[in-house]
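Good morning. I will go through one protein and the ligand that goes with it. Please have a look at the picture first.

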Amino acid sequence: MKIAISGKGGVGKTTLAACLAKYYADRKYKVIAVDADPDANLASALGIGQDEALKITPLIEMKKLIEERTGAKPGGYGAFFKLNPKVDDIPEKFGIDVGGVKLLVAGTIKAGGSGCYCPENVLLKNLFRHLVINQEDIVILDMEAGIEHLGRGTCENMNALIIVTEPGLRSVQTARAVRKMADDLGIKELYVVINKIRTDEERKFITGNLSDFAILGELPYSEKVRESDIKYFSPCDADEKFKEAVQKIAAGLSKYIKSN
Ligand SMILES: Nc1ncnc2c1ncn2[C@@H]1O[C@H](COP(=O)(O)OP(=O)(O)OP(=O)(O)O)[C@@H](O)[C@H]1O
Ligand SMILES: [Mg+2]
């Protein structure tokens with residue numbers, strides 16, 4: 001089961017990605033969490049220390065690996081290279097273990113034009129395509145904000161797409177744009193998670209504006225979660241109410257995972 005997490009900037013994509021990954025890892029699923037945001041910070045949300053996080057080399061910068069697998073040096077536009085490089089061992093070999101979650105930091109995937117056909121992009125695209133071997137395994141992809149990157153081969157092989165929103169019309173606009181892209185990519189399972197809800201009024205406002213979406217669940221605004229980003233600790237166990245809300249969302253998704 002491969003789940004991509006998308007939405008407007010700052011709505012809580014990384015927070016949700018980390019907490020879902022942790023939820024499933026705690027329940028002994030094999031979980032691969034992929035940070036597909038060039039501004040990578042899934043490691044810290046999973047609870048990796050600041051110094052350790054800084055030492056992570058994104059896959060796209062692993063020149064030796066790219067050359068070994070594709071037969072061409074990174075940036076080798078026009079060069080001959082394998083379009084189907086070996087990737088199946090990458091999560092095991094290059095994933096960083098964080099509390100049972102295998103974290104892969106992808107790095108900046110080059111956009112548009114010839115960038116799509118350079119060796120490093122081909123390697124990553126192939127990796128995203130072949131990440132799951134067993135149906136029971138779970139891949140969670142934390143995506144860059146907005147929609148520009150959605151068509152670049154990162155999420156077209158995902159089973160489900162979660163769009164994170166918050167009480168505000170801008171996140172609703174982004175949700176609509178993401179849905180359009182997801183339709184074009186043929187992603188059928190599309191869910192919304194509403195984050196940072198403080199009041200009933202906010203809940204009514206946002207659910208009213210998202211009435212034509214399948215709402216998977218909601219997460220409360222939490223001072224502890226906000227603080228986790230300032231004091232650098234994982235938001236996943238920071239607040240009981242928040243944790244329970246994540247559990248509800250994950251349970252909803254699990255039904256889908258089992259029937260898929
Ligand atoms: N439920 C919540 N309550 C309070 N603060 C939250 C909540 N969810 C997320 N935040 C805070 O909002 C900020 C953005 O969260 P996060 O990094 O998860 O969003 P994002 O969508 O991944 O952002 P980006 O678009 O930059 O990747 C962080 O400071 C995070 O701690
Ligand atoms: Mg993020």
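Let me begin with the shell around ligand 1. Helix 1 (13-26), strand 7 (189-197) and helix 9 (223-231) each supply at least two residues of that shell. Helices (H or I, at least four residues) and strands (E, at least two) are DSSP runs, numbered from the N terminus.

This is a predicted model, where local features need pLDDT of at least 70, side-chain atom pairs count only at pLDDT 80 or more, and totals for chains, interfaces and linings use all residues. Residues are numbered from 1 along each chain as its sequence is written, chains are lettered from A and ligands numbered from 1 in the order in which they are written, and side-chain values use heavy atoms, with hydrogens and water left out.

How many residues surround ligand 1? There are 19, and the closest are K13, T14, T15, N195 and D229. A residue is near a molecule if one of its heavy atoms lies within 4 Å of it.

Now the polar contacts, meaning pairs of N or O atoms within 3.5 Å. An oxygen atom of ligand 1 lies 2.6 Å from a side-chain N or O atom of D229. For the side chain of K13, the distance from a ligand 1 oxygen to an N or O atom is 2.7 Å, and for that of K196 it is 3.1 Å. Ligand 1 taken alone exposes 630 Å², and the protein buries 84% of that; the areas come from the Shrake-Rupley method with a 1.4 Å probe.

Last, the whole protein. Its secondary structure comes to 10 helices and 8 strands. The C-alpha atoms fill a box of roughly 60 × 35 × 35 Å, taken along the principal axes.

Key: A polar contact is a pair of N or O atoms within 3.5 Å; within protein, one must be able to donate a hydrogen and the other to accept it, and residues adjacent in sequence count only if both atoms are side-chain atoms.
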